[in-house]
Amino acid sequence: MAFDTKKILALLNEGLEMEYASHIQYVTQAAVTRGPYAEALISRFEEIAGDEAEHAKIIRQRIVALGGVPTTNVGEIQIHKDSLKAVQINLKYERDTVEFYRKLLNLLPPDEPILYEAIEHILEDSQEHVEELERLADE
Ligand SMILES: [Fe+2]
Ligand SMILES: [Fe+2]
């Protein structure tokens, strides 16, 4: 294999922890958020949470395909019931995620297309999440 499997597995597990954390963060915020924009945000957060669960599934499958063991650890979670604060927390998280997957993608050889395209897909979704949250946060 044209890359350091051990290193890539460690990074994929790091990504998996982030996906679990962000899924829990969105569904919990959807449950607790209050205020004039709550209704729109609840459905948005729940929809994005679905994307995060899909990302976690994709990463779990790639970890197993590389001979690794998917982590059950969950990254750091921040919750806020104020809707704007929740959006800002998620925006920061998504921006960090984009940075993380960009770096990971640069470590992957294009001759590993399944893995490469899996991470590319997750990166694209994360960039879409950043765009949507930027609009919601007016940033
Ligand atoms: Fe994600
Ligand atoms: Fe995301």
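Which residues are buried in α3? Keep that in mind as you look through these close-ups of a predicted model, in which local features need pLDDT of at least 70, side-chain atom pairs count only at pLDDT 80 or more, and totals for chains, interfaces and linings use all residues. Residues are numbered from 1 along each chain as its sequence is written, with chains lettered from A and ligands numbered from 1 in the order in which they are written.

**View 1. Helix α3 and its buried residues.** Helices here are DSSP runs (H or I, at least four residues), numbered from the N terminus. The buried residues of α3 are S83, A86, V87, N90, Y93, E94, T97 and Y101; buried means that 20 or more other C-beta atoms, placed from the backbone, lie within 10 Å of a residue's own. They pack against α1 (5-32), α2 (38-65) and α4 (113-137).

**View 2. Helix α3 from end to end.**

**View 3. Q127 in helix α4.** Q127 has 16 C-beta neighbours inside 10 Å, so this residue counts as partly exposed (between exposed, 12 or fewer, and buried). From P110, Q127 is 17 residues away in sequence and 21 Å away in space, C-alpha to C-alpha.

Technical notes:
Helices (H or I, at least four residues) and strands (E, at least two) are DSSP runs, numbered from the N terminus. The expected span of a helix is 1.5 Å times one less than its number of residues. Two residues are in contact if their C-beta atoms, placed from the backbone, lie within 7 Å.
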